[in-house]
Amino acid sequence: MALRVPKGTLPQLFKDGYKIQQGVDDAVIRNIEATHELSEVVRTSMGPNGRNKMIINHLEKLFVTNDAATIIRELEVVHPAAKLLVMASQQQESELGDNTNFVIVFAGALLQKAEHLLRLGLHPSEIVQGYELARERALEILTELKVDSITDLANGEQLRKGIRSAISAKQIGNEDLLCDLVVEAALNIMPKNQKEFNVDNVRVVKVMGSSLYESAVVKGMVFGREPEGVVQQASQAKVAIFTCPLDISQTETKGTVLIHNAQEMLSFSKDEEKQMEKIFQELADAGVKVVVTGATIGELALHYLNRFGMMAVKVPSKFDLRRLCRVVGATALARLGAPMAEEMGFCDIVETVEIGSDRVTVFRQEENDKSRTTTIVIRGATQNHMDDIERAIDDGVNVIKALTRNGDLLAGAGAVEMQLNKRLQAVAAKTPGLNQHAIKKFAEALEVVPRTLCENAGMDATATLSRLYAAHYQDAEAVAPIGIDIENNNDGTLDAVQANIFDVLATKYWALKLAADSAITVLRVDQIIMSKPAGGPKPPKQQGHWDQD
């Protein structure tokens with residue numbers, strides 16, 4: 001390394017407060033250290049034995065989870081290089097909904113290996129070139145490594161095969177129960193053209209109490225509250241949906257009313273009542289049986305709703321209101337009044353059901369070809385536990401969506417990474433020039449997955465990995481589906497296909513691509529220029545009185 005000569009006092013280029021980091025040591029190595037720090041945070045949460053993280057966000061909400069997407073969303077990462085990894089992981093979450101942890105862990109491992117090459121004296125652009133070659137080859141090899149394929153998504157057994165490992169990575173021990181719930185829910189809403197499967201049609205409602213084994217799938221849409229009025233159910237009902245409050249609209253200006261005698265006092269609120277009655281009379285004449293609103297329901301409005309025998313449901317979430325519009329085929333109206341025929345929706349059954357000690361409202365369409373929605377009702381003792389179950393179910397449903405794109409499956413439990421490692425090592429051996437070093441390091445970085453699975457399961461990682469290497473190198477050509485046995489029954493390895501542990505090709509393909517892309521992007525950076533944050537100095541925190549502990 002050349003001696004760094006301090007810079008002279010050149011004309012000032014930037015305002016005061018700018019931070020500039022440049023060169024391999026200052027920018028690249030520091031970026032690699034930051035990304036390594038981030039990948040170490042989520043690495044211990046990988047796989048079925050992943051540890052939980054306890055995160056308290058800026059609003060002091062507590063999260064206890066091993067789901068990388070949630071951990072990263074709640075951690076406010078400020079380092080610019082680590083942010084690139086976070087963005088790649090969020091892209092994976094929004095695109096495919098699974099394998100978010102792999103993106104960060106693998107990108108962190110690639111950058112760790114690149115640091116070793118930089119220390120040896122390779123230039124970042126040479127490493128980038130090698131990594132790009134390795135990425136293209138890896139994605140080609142990945143499609144050759146398929147061990148099974150799902151052809152019919154309407155078949156419950158085939159679906160279960162695809163989603164089981166995604167769910168067990170989050171909730172080991174409960175995977176069979178959750179698989180059954182997800183498969184049942186998915187089959188309820190599977191359209192004739194399976195490519196049109198919509199993740200949003202599987203809803204999750206959490207009802208406190210009882211145990212996870214009391215969870216169930218309900219056809220239709222479930223809201224965790226009972227109707228406001230006395231009417232508790234309706235069938236073959238026309239539905240009117242409003243986003244405005246069902247109440248008398250307040251005037252913008254204040255007015256004073258002077259009342260001279262008792263008669264005026266009595267007739268004071270008559271007009272208001274007549275106005276309200278007229279509105280609900282119109283609704284009743286239009287044949288509306290169910291009124292749904294996203295805002296408040298006034299007492300007078302409730303009186304007329306009960307009088308005309310209409311069911312009143314309040315849905316505070318505007319997103320749920322939109323979904324309900326899709327289920328019943330209605331248009332949400334922003335003004336109070338009778339809807340036109342095309343603005344009204346239709347629902348076969350709207351009823352109140354008791355789940356545990358809670359009463360919930362169910363909107364159900366009996367005919368299969370209508371807009372179908374199904375709801376998984378989760379029971380559990382604590383809110384945190386139910387949140388974690390919801391994330392596992394969410395992953396399972398997203399995997400089904402990925403299977404509609406490409407039904408090919410790879411061997412799980414770290415087997416496919418070891419196969420890629422073996423094939424890329426062979427590619428590196430045949431590659432001339434400096435690129436071979438980077439390709440070799442890319443292959444070595446893939447070892448991070450089986451190693452992490454071993455470490456999180458409390459096994460001897462080095463001994464188990466050497467047995468894994470031996471199993472994969474026994475037959476040079478065959479696709480050996482040998483992965484890590486986290487139960488550690490024999491020698492710490494198992495046949496992933498026989499154990500029904502599969503990875504979905506689509507999610508693995510994109511995770512590998514995004515991880516390699518973000519690592520290459522970080523390596524391409526040679527200068528970080530940060531301006532002074534806006535907003536001036538922070539006010540001092542109010543100190544408590546020194547005498548109060």
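Is F308 buried, partly exposed or exposed? F308 is partly exposed, because its relative accessible area is 22%, and buried means under 20%. This is a predicted model of a chain with 17 helices and 19 strands. Buried residues make up 48% of the chain's 549 residues.

**Overall layout**

- Taken along the principal axes, the C-alpha atoms of the chain fill a box of roughly 100 × 65 × 50 Å.
- Of the contacts between residues at least 6 apart in sequence, 76% join residues at least 24 apart.

**Surroundings of F308**

- F308 sits in the loop that links α10 (299-307) and β10 (311-314).
- Leaving out residues up to four places away in sequence, F308 touches E277, F280, Q281 and A284.
- From F308 to I378 the separation is 70 residues in sequence and 35 Å in space, C-alpha to C-alpha.

**Nonpolar cores**

- The largest nonpolar core has 74 residues, and the members that touch the most others are F106, Y131, F442, L512 and L523.
- Helix α4 (residues 100-120) gives this core its largest share, 12 residues.
- A second, separate core holds 36 residues, including A166, L178, V217 and I376.
- L523, one of the residues that touch the most other members of the largest core, is in contact with V28, I32, L111, A114, P124, I127, V128 and Y131, when its neighbours within four places in sequence are left aside.

**The three-strand sheet**

- β5, β14 and β6 form an open sheet in the order β5-β14-β6, with mixed pairing.
- β5 and β6 are the edge strands, each with a single partner, so one side of each has no neighbour in the sheet.
- From one strand to the next, the twist averages 30°.
- β5 and β14 run parallel and are joined by seven bridges.
- V204 has I376 in β14 as its bridge partner; I376 is also among the residues of the second core.
- Helix α12 lies across β5 and β14, and runs at about 165° to β5.

**Helix α7**

- What end-to-end distance should α7 (residues 175-189) have at 1.5 Å a residue? Its 15 residues should span 21 Å, and the end C-alpha atoms are 21 Å apart, which agrees.
- The buried residues of α7 are E175, L178, C179, L181, V182, V183, A185, A186, N188 and I189.
- L178, buried in α7, is listed in the second core.
- An α-helix has 3.6 residues a turn, so residues three or four places apart point the same way.

**Cysteines**

- How many disulfides does a search of the whole structure find? The search finds zero.
- The sulfur of C325 is 12 Å from the closest cysteine sulfur, which belongs to C347. That is too far for a bond, because a disulfide needs the two sulfur atoms within 2.5 Å.
- C325 is buried, because its relative accessible area is 12%, and the limit is under 20%.
- C179, in α7, also counts as buried, at 1% relative accessibility.

Note on methods: Residues numbered from 1 in each chain as written. Predicted model: local features only at pLDDT ≥ 70, side-chain atom pairs only at ≥ 80, totals over all residues. Heavy atoms only, no water. Helix = DSSP H or I, 4+ residues; strand = E, 2+ residues; numbered from the N terminus. Expected span 1.5 Å × (residues − 1). Buried < 20%, exposed > 50% of the residue type's maximum accessible area, 1.4 Å probe, protein only. Core = buried A, V, L, I, M, F, W, Y, C linked by side-chain atoms within 4.5 Å. Contact = heavy atoms within 4.5 Å. Pairing = 2+ DSSP bridges. Axes fitted to C-alpha atoms, helices over the stretch in contact; angles between N-to-C directions.
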